[in-house]
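Here is a short tour of one protein model, written to be read with the structure open beside you.

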Amino acid sequence: MKVGIAGMGYYLPKRVMTNKELEQYADVTDEWIQKKIGIKERRIAADNECLSDMAYPAALNAIKNSGIKSEDIELIIVCAINQDCRVPSTAVIMQKKLGACNAAAFDINVGGCPGSCYSLVVAQQFIENEMYKNVLVIAGDIYSKLVDISDKYVSVYFGDGVGAAVLRRCKEGSGFETSLIGADGEWGADCIVCEGGSRVPITEKAFKQNKFKITLDGREVWKFGTKLFPLAIRQLAANVNCETKDIDWIIPHQANINMIEFGMNELHLPMDKAYINLQKYANTGAGSVMIALAEASEKGLIKPGQRVALASFGAGFAWGAVLIKWCCEEDFIDS
């Protein structure tokens, strides 16, 4: 059974934090951030805003754009690292908010940034094996409530945001053409870390010692990202026996403009084939690729029948990638 993206939505918090404002908290400059990363500003969640608050409007738009109703959703998957709470799952909270009374629901956590594609590939399996017809995927994060804003090696990268997609059955010749997921824990298990689990439990002492901030090894992350991004795109193309030049759009993980430019150069593809929005939203983790894809689709840049390649990668060193033949409304199967 073929799978396609029937509708998308996204949500960014209202508050904009520019690099100039960030200079007040971290020993860094606007010029440095733009040159090294390509980010000009990012969105920051309100103090009273949780993940499900941001996921709700994104999901509503995805459902509306998909041509179905909330009660038609049979499964909800939420991918994040900073969920509403440890128990219950944010997916169950979303089921209640959306009135998706017929849906199963669960969260997944693949370390943030790899989550856009990982969650899509997980959802893909449920439709391909004919267990479900309609699956809602929500991916994103609220990094501002995890990141130490004074840490210039981390805070400059991240912003808050959520993307959502409804996956449905579609006709042969459209939808997901191929997908892949992977991980290299031997290399990356210690390169991007956020404690607060059973290894370093949440205690008053640990809080005072600032144990729960995100840490990352920038050099190793660069090595991994510049290797993995072009490798994943080439593998997608090889899987369907096409050339990378035959791909119409590439939606890369929005982590670093220099990393994206390096990867596109390795692929011998022009930058205008890559959709970029990191300059205004920064790295939204699991929401990164999903938000970029939803925005590109909303602008009408992606046309039915075009090949779109997605690639997300990050903590763990885990990665996911998807190649899609973009669907039109008539491609979806109702029964």
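**Aromatic rings**

Please keep in mind that this is a predicted model. A pair of aromatic rings is described by the distance of the centres and the angle of the planes. The count of aromatic pairs comes to nine. One of them is formed by Phe106 and Phe126, with 6.2 Å from centre to centre and 50° between the planes. Because an angle under 30 degrees would count as stacked and one over 60 as edge-to-face, this pair is tilted.

Elsewhere, ring pairs link Phe224, Phe229, Phe313, Phe317 and Trp319 into a cluster.

**Gln124 in helix H5**

Helix H5 also holds Gln124. Gln124 counts as buried because its relative accessibility is 4%, where the cut-off is under 20%. What does the side chain of Gln124 meet there? A polar contact of 2.8 Å joins it to the side chain of Ser179. Leaving aside residues up to four places away in sequence, Gln124 touches Val3, Leu167, Phe176 and Ser179.

Here are the two residues side by side, with their accessibility values.

| Residue | Relative accessible area | Class |
|---|---|---|
| Gln124 | 4% | buried |

**Strands S2 and S3**

Strand S2 (residues 15–18) and S3 run antiparallel and are joined by four bridges. Within this pairing, Val16 has Arg43 of S3 as its bridge partner. Strand S3 (residues 41–44) has two faces: Arg42 and Ile44 make up the covered one, while Glu41 and Arg43 make up the uncovered one.

Now turn to the second largest pocket, which holds about 390 Å³ of space. The lining of this pocket has 21 residues, and the closest to its centre are Ala6, Gly7, Met8, Asn65 and Ser297. Which elements give two or more residues to the lining? They are strand S1 (2–11), helix H3 (51–66) and helix H11 (288–298). Strand S1 gives the most to the lining of the second largest pocket, with six residues.

Key. Residues numbered from 1 in each chain as written. Predicted model: local features only at pLDDT ≥ 70, side-chain atom pairs only at ≥ 80, totals over all residues. Heavy atoms only, no water. Phe/Tyr/Trp six-rings, centres within 6.5 Å; stacked < 30°, edge-to-face > 60°. Buried < 20%, exposed > 50% of the residue type's maximum accessible area, 1.4 Å probe, protein only. Pairing = 2+ DSSP bridges. Polar contact = N/O pair within 3.5 Å; in protein donor to acceptor, adjacent residues only side chain to side chain. Contact = heavy atoms within 4.5 Å. 1 Å grid on protein atoms, 1.4 Å probe; cavity = no way out; pocket = protein on both sides within 12 Å on 5 of 7 lines; lining within 4 Å. Points joined across faces, edges and corners; volume = space filled by probe spheres on them.
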